[in-house]
Amino acid sequence: MEGKEPKKEQKRHQQKHSGPKAERKKSRKQLGTPAGDDERKRNPKAFAVQSAVRMAKTFHRAQDLKAKKHHIPLVDRTPLEPPPIVVVVVGPPKVGKSTLIRCLIKNFTRQKLADICGPVTIVSGKKRRLTFIECSNDINTMIDLAKVADLVLMLIDASFGFEMETFEFLNICQVHGFPRIMGVLTHLDSFRNNKALRKTKKRLKHRFWTEVYQGAKLFYLSGMVYGEYQTQEVKNLGRFISVMKFRPLVWQQSHPYVVADRMEDLTDPEMVRVDPKCDRTVSLYGYLRGTYLKNKGQVHIPGVGDFAVADISFLPDPCALPEAQKKRALNEKERLLYAPMAGVGGVVYDKDAVYIDLPGGHVNQEQEVRPTTELVQSLISTHTTLDAKMAASKVSLFTGAAALTPGEVEEEENELTSGPQESRVWDPETQRERRKAVFTEEEDDDDSEGRSEEEGDEEGESEEEGEEDEEGNKREEEEETVLKNKAKDKTEPKEKQGIKTIPPAKRQKMEERKLGKEPVVEVPAFADSEDELEMSEEEEGGKGEQESEGEESDSEGEEDEEDSAVEKGDLKPIDSGHCSEEEDASDSIEDDCETNVSGKEGKKSNATSKMEEEDEEMEGGELCYESAGNILSIQRSLRWKEGLQQKASEAFLRQQRSAPNLRKLVYGTVAEDDGDGGEDEEELGGLFRVSRPEKGKKHRADGVDCSRFDPDAARNWDLEEMLDSIRDCFVTGKWEDDQDAATLLKEDEELYGEFEDLETGEVHKGKAAKQKDQAKEESDDDEEEEEEKLMNVDDETQKNKRLEKKRRLKERFDTEYDDGDATYFDDLKEEMQKQAELNRAEFEDVDDETRVQYEGFRPGMYVRVEIPSLPCEFVTNFDPHYPIILGALGASEGNVGYLQMRLKKHRWHSRILKTRDPLILSLGWRRFQTIPLYHIEDHNGRHRLLKYTPQHMHCGATIWGPITPQGTGFLAVQSVAGTKTSFRIAATGVVLDLDKSVTIVKKLKLIGYPYKIYKNTSFIKGMFNTVLEVAKFEGGSIRTVSGVRGQIKKALSTPAGAYRATFEDRLLMSDIVFLRSWYPVSVPQLYNPVTSLLMPAGQKDSWSGMRTVGQLKHDLGVRNKPNTDSLYKPVVRAQRHFNKLHIPRELQKALPFKSKPKQDQPKGKMPKDLQRPAVIREPHERKVAALLNALSAVHNYKSKKAHTAQHAKHKDFLRQRSKAEEDKLKRQKEAKKKLYRMMGQKEKKSQRSSLKGAPLDD
């Protein structure tokens, strides 16, 4: 403490304000020289390179760090309005996923969401939207969401640690393309000790880095306040999400897909009533992601199956980005939230309807008490029978139709005279109830068009109110419709039912036109349905989008135009791929009528009864006959023979004129280009346009389709002018100077006509030269003037050429020397940037309707996908908590075939995998069960079947499954039902090949026994059954169990299947002969898609497919009876008696003595006379012997003791000697180190001095 006290009392340094040093500083400040530069100039040696090696190392390190940050540049294919970023919130149960999503939604939109159900889309900034999806603990959901996620928020319970679900999801992500992953630690408030909290954070962070990548972001949510996370922490997390950049994933970039956020059942209710199990027609809605999607393709819905798309259309964006204005933050109206499955979103636009969410507590609607049963309601509202209605039916479409019924006239008068009505609407934006005045009269077009910019902010509200108003009008009309229509209106839009109602305002105008025979005036009328109203509003807003028009509305528009054309007397046929646009339609009016009627029949849904079809046909027929008028009666008369020659010439001209429209043949029906006159066209109700034929512009060379050629018949070839116009097409005609023969000959004469005869010296002149000489004097004055003009022109051109050359040289110089620091990486990035700009500019000015036909639906569009023949369980068991993904399939991805894969058992999976055990694979979009065969490639290229997967290495696998592009990763699980305690991912791998070229073989040993042996030749039986089988294996190598090798020679006639074989050595009768052969194995053809989404509501995670043999035996209680030959038995071997070894005498003579067989006789008993007699000692001798024994025992004991002492002493001496050796080695080592250190210092010193340039010391 005492040492630190003086430091506190130390004086502060006072800078000098006067003196030479201060003056220098002042002058430096005034000159503005940076301090570093001045020091470098003053003392250059201090900043010189001290060590070239160190400088090279630092430079290399800097370059390595720079290169590490580089990614391979990819072409930026993101559209101008990208789709919302999919943020998947993953974690084990009860870790806080829903709470985090609610807090993030509240942070971005200031709104609270009670139940997180399905995808929730929000606007998080001026150019970014987010779609939050909660991932449950079901492995099916985890696999599906890993394929579509852009960002994963991985929640980890810090109080518990990592759970298996976290690692499973990480492994799934690694296989299907790794999205951006951010960890979020929760339950940190459970730690009371700060030190334990820090240690836990560090441990979890490093483990997370090991799994993801070094430096992966891990957020800490420290605690809860009133059931929510702390505002500042959630705000920080939201900021990170808002500014995060994403790398495109290969699978997502090459496949279009839709994460459905809304589902509507379009099936006819009558069909469902008759057969509740019938297939359903469903429309799914969502943002298109990935790449461009073509109509009428194939999609796969994971958990359901493969389906063909009936129709795709794009809708207005329900969660649009705010206007591109320069502002710091979003206002309250722009904080959009769209979650239809969770019941949030207000107005929902459909292709042909608008749904407005009106909560029951906020809207007071006075409804008369009516019976609840639909059948009873419709019976009450029906006043006449169907027969009477048919008899009195006079309804027809648009102009030139029959008179309206009296009931409709009364209804019309009531609507015209009634005043404004009050409608109470709850506004979710301002959170208050608003009173709206609803008029039944027609609104002025100018009002809607002349909307000011201030009102633009409230555009969404006015649209909602307008659409609700329109719905109110529709409801009043629908109360008086037929029984069938009443039932259909509950579920289907009007166009689908085949009923086309005319609004009252239109009816009134039609009446006035018919009575007064006025010319047709194009006055904007009410839209016939909600989508028309929406359409007109959009076009007035300046977008001109036509996404809400489907096939039905298109057909209505065509009929409307045809009717107006009939009234004007200008009929036009329906355009096919082979007819021209402005063809005269008077020849094909009958065809038109037939197409109208058949078109109407085609548009009807299955629910319409036969009675209604007849009614519609009758109306269609009326329309055709009434509209066509007298023309039809002339066409149908018997005077068909008149003017046959004229008709034939017209038919020929028509055929000539109908050159195939290539654009239509390639792209199908093409939307008409508005061209320059698009602004002048007036709309009828926002959907129908008045068609006016363009005079004098029937064929434009710069039109969209200039592939048609219209032969002109109105030319009189007897006139001289007409003949002169084509005279240049013939040899005798007037040609241009560079092509005319006479002119070319003249030029040749000018070049070669004048020459000098070298022998005589005479100069020969051509005709042109002579003429020139004659006319020279006459044209001298004219030539001088022309020369002056040419000189001026030449000077100007020369000057321009010089300037152009200078500019080119400067550009070349700039490109070479200005980007001196530009690297290959920069060039690559620039190239990709140019490509991205080119891609964007290609279709920039084309309207969406035409664009879609060329390039398909682009990512970022909100699309409606209609899919027929879905299983009824998809609708009845629909659960919005499980994601619905529509993954588009490529050209060949809908097929099923053989796939070759490389597979490795996951190191965390507890058991090895067995061949022919069913396995559930996640490959591409699909999840399916199949039976794999595992094999390994031998050194000779043979693919040998394996019974089990290897423990720690890859093996090959062949399956029967959907064709998927090579290089696609996959993962395998043994079961998706429930959660197991062990790690669920069994194996991972990649697709290698897509054909059946690999033949998998397994080893087959055929066994035979010898029945005759002649030296090295043996006859073998029992291996084959027929002579043919033997013939197939002739020349095959065989061997015995004892290792003697042999070869099959020839089949024997008897017994059947026996053959003659030769061996290296003579066989024994006890030998067993075997043949090693390879048998090809066929791959089982099982492809069983996992249909988890069709399971009932609580059982979607309990899908079980084909069981393994082991599971079947366990479930059925079957025990294996072991093969008796495979059991271990005690080996009983009979004693073998070998023959006596016989060595020939000659050989015995040659053997050395030790190897010769000895002819020893066995020794017999020694005779008693030769045996030594026993010695009996005297008593004195016994005493002497005892004493000697005692003395020898004492001596032995003493010598043993002395030996032990000597051994111990020697041991001690050895220990001391080894210690001394160690000390000596240590001293030597230290001395060596010292010596080497000195030598190293000396060498470094000499190296440094040599680098500096000083002379070396001797």
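This is a predicted model: local features need pLDDT of at least 70, side-chain atom pairs count only at pLDDT 80 or more; totals for chains, interfaces and linings use all residues.
View 1. The patch consists of Lys16, Lys21, Arg24, Lys25, Lys29 and Arg42. Lys29 is located in helix α2. Its relative accessibility is 73%, so Lys29 counts as exposed, the cut-off for that class being over 50%.

**View 2. Arg128, a buried residue without a salt bridge.** Arg128 sits in the loop that runs between strands β2 (120-123) and β3 (129-134). The nearest side chain of opposite charge belongs to Asp150, 9.2 Å away, whereas a salt bridge requires a side-chain nitrogen of Lys or Arg within 4 Å of a carboxyl oxygen of Asp or Glu. A polar atom of the Arg128 side chain does, however, lie 2.9 Å from the backbone oxygen of Ser242.

**View 3. A nonpolar patch on the surface, with Ile1007 among its members.** The patch is formed by Ile1007, Tyr1009, Val1041 and Ile1072. Together these residues have about 370 Å² of accessible area. Ile1007 is placed in strand β34, which covers residues 1000-1014. Ile1007 counts as partly exposed because its relative accessibility is 43%; residues under 20% would be buried and those over 50% exposed.

Notes:
Residues are numbered from 1 along each chain as its sequence is written. Side-chain values use heavy atoms; hydrogens and water are left out. Patches are made of residues with over 30% relative accessible area and no salt bridge: like charges are joined within 9 Å, nonpolar side chains (Val, Leu, Ile, Met, Phe, Trp, Tyr) within 5 Å. Accessible areas come from the Shrake-Rupley method with a 1.4 Å probe; for residues, only the protein chains shown count as cover. Lys and Arg count as positive and Asp and Glu as negative; His and the chain ends are not counted. The place of a charge is taken as NZ of Lys, CZ of Arg, CG of Asp or CD of Glu. Helices (H or I, at least four residues) and strands (E, at least two) are DSSP runs, numbered from the N terminus. Buried means under 20% relative accessible area, exposed over 50%, partly exposed in between (1.4 Å probe, protein chains only). A polar contact is a pair of N or O atoms within 3.5 Å; within protein, one must be able to donate a hydrogen and the other to accept it, and residues adjacent in sequence count only if both atoms are side-chain atoms.
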